[in-house]
Amino acid sequence: MRSFSSITAIAYIVLTCPWLCAADGENKRAPNVIVILADDLGWSDTTLYGTTALYKTPHIERLAKRGLTFTNAHSASPLCSPTRASLLTGLSPAHHGITAPNCHLPKVVLNASLGTRAAPNKPSLALESVTRLSTSYQTLPKTLKAAGYETGHFGKWHLGSEPYSPLEHGFDVDVPHWSGPGPAGSYVAPWKFPMFSPITPNEHLEDRMASEAADFMEKNAKKPFFLNYWMFSVHAPFDAKKQLIDEYRGLVDDSQPQRSPVYAAMIASMDDAVGTLLDTIDRLGIADNTIIVFTSDNGGNMYSVVENTFATSNTPLRGGKATMYEGGIRIPQVICWPGKIQAGTYSDVLTNTCDIYPTLLEMLSLQPASGQEFDGTSIVPAFLGKPLLREAIFTFFPHDPPVPDWMPPSVSVHRGDWKLIRLFGCGVHGGDRWKLFNLRNDRGEQSDLANGQPPLVRELDSLITDFLKDTNAVVPLANPAFDPAKYDVSVEGQPQDRHTANPARKREPKTKSLQGWTPSRDCELSSREGSLTLHCLGSDPFITTKLRKPLPPEDLTLEVTAISDASGIGQLFWEFEGVTPAFVAERSKPLAIIHDGKQHVYRIAIEANQPVSGIRIDPARNAGTVTFSSIRLLGQDGIQLELWSFNGKQE
């Protein structure tokens with residue numbers, strides 16, 4: 001990005017801004033701008049796309065009825081800070097260098113760099129992310145402030161504390177002036193913000209943020225304002241108003257993939273905040289002159305466990321936050337532009353967070369500052385149903401967080417129905433490897449077509465090469481110390497064990513089946529009278545069993561009595577007779593084993609609309625031991641159908 005002076009930028013904006021050059025009353029006042037950025041809100045977390053049976057988002061629907069809903073919008077990154085920096089600069093994480101959510105850490109890094117060493121199970125060298133958004137950028141608030149706007153930031157920031165806070169990036173107001181990765185302590189008061197206190201006991205943070213934002217609009221109703229409302233919701237910690245939790249607890253359907261009443265209550269409070277903003281602009285009579293952008297920073301967090309179930313599900317998409325699959329980067333998005341956009345419409349145009357800044361400039365008849373460049377493009381043609389001039393969008397994520405559906409450091413390109421992912425350094429002889437998906441036919445990204453489409457892979461990969469060159473990206477290089485024997489391609493998509501030097505090594509179990517249970521390659525079984533001990537050796541330990549005879553279709557309960565000193569989120573799978581593959585995510589439930597070395601009893605419901613023929617228990621994700629004293633299958637009326645008491649026989 002070429003440099004420019006702030007004086008030049010201001011002069012350029014004044015000369016190209018029609019409402020600043022006109023005499024009072026000659027032109028309509030500049031439109032207000034509201035950007036609402038939810039945190040960790042997945043594509044399936046609202047009622048916009050027909051993907052949820054539990055959550056209620058009437059105010060987001062109300063907004064959608066006023067504007068254009070995008071079905072194919074993508075975040076600049078599957079993690080928060082990179083996307084936030086991209087929204088403010090119009091630049092890809094490959095360009096600005098913030099590629100990880102570490103901007104709350106003490107170390108100040110302003111230039112991305114490539115490490116020199118990596119563990120032998122890592123195919124590429126690790127990237128060190130930038131940790132602060134440099135004030136040298138001509139950010140969106142700086143541009144709008146120079147154009148005469150009052151500017152206010154409310155909510156999460158996570159791009160650095162002073163001298164990199166919102167106040168140094170063009171905002172006149174910053175509430176609660178907090179640089180952390182999420183709410184300070186909780187959503188329901190008391191909070192732990194150093195300079196921001198609740199007004200009433202048990203005040204909800206998002207209610208307060210919306211109220212503060214409404215006050216800002218009230219004070220600036222007679223002049224153009226830019227309200228940047230970056231919600232804390234629905235990021236962890238997972239807590240909400242008790243009344244809402246109780247309300248949703250009665251609405252949970254265990255057969256649905258989204259079944260957390262706490263998360264549903266958090267969604268409701270987030271939606272209420274959107275309603276507060278809409279009510280305020282309606283009351284102030286400024287709705288017809290206010291542009292609103294609503295979107296999220298990345299896909300839904302489907303991996304954290306809340307009350308013995310996952311926080312949410314991104315079904316029908318694969319993966320979630322921190323992954324390069326669609327569940328990690330496809331996001332809800334609505335843009336409202338009264339009098340310009342046809343209300344209540346939909347668009348399947350490919351969009352990216354980097355597009356928001358240049359799009360707003362065109363909507364406001366503003367020009368970029370002299371020498372300013374964007375990796376995004378204006379999507380105003382999409383408002384008129386026209387195609388965009390650009391060929392593709394890109395996502396750069398040179399990290400491999402230890403979550404399910406992980407993959408090595410990578411970069412992706414979307415063009416039309418096709419998505420190609422380049423995985424750095426894990427191909428033949430240190431080269432790259434690719435995954436190719438047709439999202440029109442395979443929205444869940446189950447069929448990798450790369451091997452059967454080499455010409456298309458080369459064509460799309462050339463776009464990636466040009467993108468990395470244009471953005472001056474620091475690209476992960478092959479790890480010289482990489483040992484292919486210590487990396488198993490088949491475990492991509494399984495959590496990595498950060499505590500062992502060799503997390504993905506292929507292992508053969510040293511024990512065969514014991515008392516009907518068979519171990520995976522990442523564990524061993526041993527037994528003594530009255531117990532069965534699972535010795536977890538790697539990142540994906542589990543045991544499976546075939547039932548003596550399939551149980552008829554009815555709701556079942558698995559009861560597990562166990563002691564564990566391992567770690568990581570567990571999971572229960574069940575198998576339907578004659579259905580392949582045997583154990584899949586659609587037939588699973590979280591198994592929140594408490595790894596404290598004490599005995600606990602766990603009961604997990606199994607929805608069985610077909611005969612159940614097998615069980616798989618994944619009790620942990622990392623090294624340790626899990627000792628089972630009994631495992632039981634109970635029928636609807638609590639009658640014991642199967643018992644493994646580990647006294648030498650199955651009953």
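Helices and strands here are DSSP runs, numbered from the N terminus. With that in hand, let's walk through some close-up views of this predicted model.

**View 1. Ala287 sits in a loop between a helix and a strand.** Start with helix α9 (261-283) and strand β8 (290-296): Ala287 belongs to the loop that links them. Is Ala287 buried or exposed? Buried means under 20% relative accessible area. Ala287 has a relative accessible area of 18%, so Ala287 counts as buried. Setting aside neighbours within four places in sequence, you can find Ala287 in contact with Arg66, Ile281, Asp282 and Pro338. Look for Cys336 too: it is 49 residues from Ala287 in sequence, while the two C-alpha atoms are 9.9 Å apart in space.

**View 2. The largest nonpolar core brings together 58 residues.** Which members touch the most others? They are Ile34, Leu227 and Tyr229. At least two residues of this core come from each of β1 (32-38), α3 (58-64), α7 (205-219), β7 (225-230), α8 (242-249), α9, β8 and β11 (330-336). Helix α9 gives the most, with 13 residues. Apart from this core lies another one, made of 45 residues, including Ala73, Leu87, Ile331 and Leu361.

**View 3. Tyr229 and its contacts.** Leaving out residues up to four places away in sequence, Tyr229 touches a list of partners that you can pick out one by one. Among them are Val35, Ile36 and Leu37, along with Phe154 and Glu206. Met209, Ala210, Ala273 and Leu277 are also touched by Tyr229.

**View 4. Strand β5 pairs with β7 and with β6.** Strand β5 covers residues 150-155, and five of its six residues are buried. How many bridges join β5 to β7? There are six, and the two strands run parallel. Strand β6 (residues 173-175) also runs parallel to β5, joined to it by three bridges. Phe154 is a handy landmark: it stands opposite Tyr229 in β7 and opposite Val175 in β6. Strands of a sheet pair through backbone hydrogen bonds, either parallel or antiparallel.

**View 5. Five strands form an open, antiparallel sheet.** Follow the strands in the order β18-β21-β26-β23-β24. At the edges are β18 (518-519) and β24 (588-591), each pairing on one side only. Within the sheet, β21 (residues 543-551) and β26 (residues 612-618) run antiparallel and are joined by five bridges.

**View 6. The largest cavity has a volume of about 50 Å³.** Searching the whole structure turns up two cavities of 30 Å³ or more. Around the largest cavity you will meet Ala322, Thr323 and Met324, then Phe397, His399, Asp400 and Pro401, and finally Trp406, Met407, Pro408 and Ser410. Seven residues of this lining are nonpolar, three are polar and one is charged.

Notes:
Residues numbered from 1 in each chain as written. Predicted model: local features only at pLDDT ≥ 70, side-chain atom pairs only at ≥ 80, totals over all residues. Heavy atoms only, no water. Helix = DSSP H or I, 4+ residues; strand = E, 2+ residues; numbered from the N terminus. Buried < 20%, exposed > 50% of the residue type's maximum accessible area, 1.4 Å probe, protein only. Contact = heavy atoms within 4.5 Å. Core = buried A, V, L, I, M, F, W, Y, C linked by side-chain atoms within 4.5 Å. Pairing = 2+ DSSP bridges. 1 Å grid on protein atoms, 1.4 Å probe; cavity = no way out; pocket = protein on both sides within 12 Å on 5 of 7 lines; lining within 4 Å. Points joined across faces, edges and corners; volume = space filled by probe spheres on them. Nonpolar A, V, L, I, M, F, W, Y, C, P; charged D, E, K, R; others polar.
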